[in-house]
Amino acid sequence: MSRASRYLGWLILAAITVATVAPIGYRPISGMPVSIERFGAFALLAFLLALGYPRHRWQVLVLAVAAAGALEAFQLLEVTRHGRVADFMVKVAGCGCGAAASLAAGLLWPRLGPRG
């Protein structure tokens, strides 16, 4: 489970990066409000990476928040995109909820927690 979570987490980060810094015309659209898309993407990212690296959940949370900030800043380099503090805060909330869900999953199902 850990290895799959790690791979999926890094794959999600790559997909989020492409979707975030690509021109707006290439952005995938789910039909849901964009705030929910942002929240969900970063919640999934933090959940998978925290599940994959259970001994490093705090570091994973810091990494996910830093990625959200960096990607918002990188949007300023693309003419059709814009980085906003409000968007960053939604992503940070998603990171926190995803990391917390990983912790809860580790407590409910100890096999998902750190091994040692």
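## Pocket and salt bridges of a predicted model

The largest pocket holds about 430 Å³ of space. A pocket here is an open set of points on a 1 Å grid over the protein atoms alone, with protein on both sides within 12 Å along at least five of seven lines, and lining residues have an atom within 4 Å of a point. The volume is the space filled by probe spheres set on the points.

This is a predicted model, in which local features need pLDDT of at least 70 and side-chain atom pairs count only at pLDDT 80 or more, while totals for chains, interfaces and linings use all residues. Residues are numbered from 1 along each chain as its sequence is written, and side-chain values use heavy atoms, with hydrogens and water left out.

The lining of the largest pocket comprises 22 residues, and Ala19, Thr20, Arg27, Glu37 and Arg38 lie nearest the centre. At least two lining residues come from each of H1, helix H2 (34–52) and helix H4 (85–108); helices are DSSP runs (H or I, at least four residues), numbered from the N terminus. H2 gives the largest share, six residues. By type, the lining has 11 nonpolar, four polar and seven charged residues; Asp, Glu, Lys and Arg count as charged, Ala, Val, Leu, Ile, Met, Phe, Trp, Tyr, Cys and Pro as nonpolar, and the others, Gly among them, as polar.

Side chains of opposite charge can pair when their charged atoms come close. A salt bridge is defined as a side-chain nitrogen of Lys or Arg within 4 Å of a carboxyl oxygen of Asp or Glu. The whole structure contains three salt bridges, listed below.

| Pair | N to O distance |
|---|---|
| Arginine 27 and glutamate 37 | 2.4 Å |
| Arginine 38 and aspartate 87 | 3.2 Å |
| Lysine 91 and glutamate 72 | 2.4 Å |

In the pair of arginine 27 and glutamate 37, arginine 27 lies in the loop between H1 and H2 and glutamate 37 in helix H2, so the pair ties together parts that are 10 residues apart in sequence. Both arginine 27 and glutamate 37 are buried, where buried means under 20% relative accessible area, exposed over 50%, and partly exposed in between (1.4 Å probe, protein chains only).

The salt bridge between arginine 38 and aspartate 87 links distant parts of the chain, helix H2 and helix H4, 49 residues apart. Aspartate 87 is buried, with a relative accessible area of 8%.

Lysine 91 and glutamate 72, joined by a salt bridge, lie in helix H4 and helix H3 respectively, 19 residues apart. Lysine 91 and glutamate 72 are both buried.

Conventions. On a 1 Å grid over the protein atoms alone, a cavity is a set of points where a 1.4 Å probe fits but cannot get out, and a pocket is an open set with protein on both sides within 12 Å along at least five of seven lines; lining residues have an atom within 4 Å of a point.
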